[in-house]
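Please look through the structure shown below and keep it in view while reading this briefing. The points that follow are grouped by topic.

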Amino acid sequence: MENLVKYIERLPKAELHLHIEGTFEPELMFEIAARNHIPIKYNSVEELRSAYQFSNLQDFLDIYYAGAAVLQTEEDFYDLTWAYLERAHKDHVLHTEIFFDPQTHSANGVPLKIVIEGIHAALIDGHEKLGITSCLIMCFLRHLEESSALVLLEEALPYREWITAVGLDSSENGNPPEKFERVFSQAREYGFLTVAHAGEEGTAENIRNTIELLKVARIDHGNSCLSDDALVDLLKKRKIPLTLCPISNLKLKIIERLEDHPLLNMLQKGLMVTINSDDPAYFGGYINDNYVAVSRALNLDKEQLYQIARNSFLASFLPESTRLKYINHLNDHHYQICD
Ligand code: HPA
Ligand code: ZN
């Protein structure tokens, strides 16, 4: 296993399911809260961290939205994003596709311009100073009305060049993909790619409807697909990638034990699975922690990890030339270490 951990540490990879607000570490939260004169209801970093115990997705979302309220200025969004990029760089992430939730911030009086300009400036520096490539995925909050998502979509048009895709996150139960059919259709007309969370707490039917109605390029999570053989065939036939987040699933009690995670089963059925961290500051594990934990629990070998890392580049929104360059780096790592 030690050998495998070393292999994972330097394994070139892409992260495709990462909420920037979910990378907000308690230390940075206290620092930013102090400079913005915003009170935090916990007395210390330790006390805040110990509050991160969740029994389901909604439990987590309540704490996650409260944390995001500390973010007010362009500098805050820069610092948040920069901290994540430095951390991801250590895990040999060559490319990252970052979700952000503008509606969370506009509810706190922070306009899209502040949010996106802060994040974007950090992404530019991430490329220049760390060599990380990235793209942005603007998410709609599914617990809000579709009309609010439509307003956000129009507001985002001046930033069209900075946003690659739109996504859908927040509470899955009670907010099915049907609710967002029009806004996704409009987004596609504007030229955005689309992804959406589905089958995290929701059913296989939610995944199917997400594919058929929202015409997504990837499914975020997708855990429940194995309960429907025809859906598995559809995912395979259309080569729709799943962005899995094992530690998140454990912490939100989607699974009881990591040994129960469907990743290996999915891989064996020929699905295009990837490993990601979702909200690492809240779930206590960045991308390499996810690779290591799931490898231990499911006894994955180097060939399987290679395939998963390769999937991460194949499933990305990178231009073909960069994708091939990264897969060459991956091959160098794999064949050199496996010799
Ligand atoms: N699911 C849904 N919404 C989210 C998540 C998640 O795992 N993380 C942040 N927003
Ligand atoms: Zn997520």
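This is a predicted model: local features need pLDDT of at least 70, side-chain atom pairs count only at pLDDT 80 or more; totals for chains, interfaces and linings use all residues.

Two packed helices are described by the angle between their axes and the distance between the axes.

**Ser-224 and its surroundings**

- Once its neighbours within four places in sequence are left aside, Ser-224 is in contact with Gly-199, Gly-202, Thr-203, Ala-204 and Ile-207.
- With one of these residues, Gly-202, there is a contact through the side chain of Ser-224, which reaches the backbone oxygen of Gly-202 at 2.9 Å.
- Although Ser-224 and Glu-205 are 19 residues apart along the chain, their C-alpha atoms are separated by 9.0 Å.

**Helix 10 with helix 11**

- Helix 10, made of residues 204-214, packs with helix 11 at an angle of about 35 degrees, and their axes are 10 Å apart.
- The crossing of these two helices, helix 10 and helix 11, is left-handed.
- On the side of helix 10, the residues that meet helix 11 are Ala-204, Ile-207, Arg-208, Ile-211 and Glu-212, while helix 11 contributes Ala-230, Leu-231, Leu-234 and Leu-235.

**Helix 1 with helix 15**

- The axes of helix 1 (residues 2-9) and helix 15 (residues 287-298) come within 10 Å and cross at roughly 150 degrees.
- Because angles over 145 degrees count as roughly antiparallel, helix 1 is roughly antiparallel to helix 15.
- The contact is made by Glu-2, Leu-4, Val-5, Ile-8 and Glu-9 of helix 1, together with Asn-288, Tyr-291, Val-292, Ser-295 and Arg-296 of helix 15.
- The residues of the contact of helix 1 with helix 15 divide into 5 nonpolar, 2 polar and 3 charged.
- The crossing of helix 1 and helix 15 is right-handed.

**Ligand 1 and the residues around it**

- Ligand 1 is surrounded by a set of residues that includes His-19, Leu-57, Phe-60, Leu-61, Tyr-64, Asp-169, Ser-170, His-197, Glu-200, His-221, Asp-278 and Asp-279.
- A nitrogen atom of ligand 1 lies 2.8 Å from a backbone N or O atom of Ser-170.
- A nitrogen atom of ligand 1 also lies 2.7 Å from a polar side-chain atom of Asp-279.
- In the case of His-221, an N or O atom in the side chain is 3.4 Å from an oxygen atom of ligand 1.

How values were computed
Residues are numbered from 1 along each chain as its sequence is written. Chains are lettered from A and ligands numbered from 1 in the order in which they are written. Side-chain values use heavy atoms; hydrogens and water are left out. Axes are lines fitted to C-alpha atoms, for helices over the stretch in contact, and angles run from 0 to 180 degrees between N-to-C directions. Helices (H or I, at least four residues) and strands (E, at least two) are DSSP runs, numbered from the N terminus. Angles under 35 degrees count as roughly parallel, over 145 as roughly antiparallel, 65 to 115 as roughly perpendicular and the rest as oblique. A crossing is left-handed if the near helix is turned anticlockwise from the far one by less than a right angle, and right-handed if clockwise. Contact means heavy atoms within 4.5 Å. Ala, Val, Leu, Ile, Met, Phe, Trp, Tyr, Cys and Pro count as nonpolar, Asp, Glu, Lys and Arg as charged, and the others, Gly among them, as polar. A residue is near a molecule or strand if one of its heavy atoms lies within 4 Å of it. A polar contact is a pair of N or O atoms within 3.5 Å; within protein, one must be able to donate a hydrogen and the other to accept it, and residues adjacent in sequence count only if both atoms are side-chain atoms.
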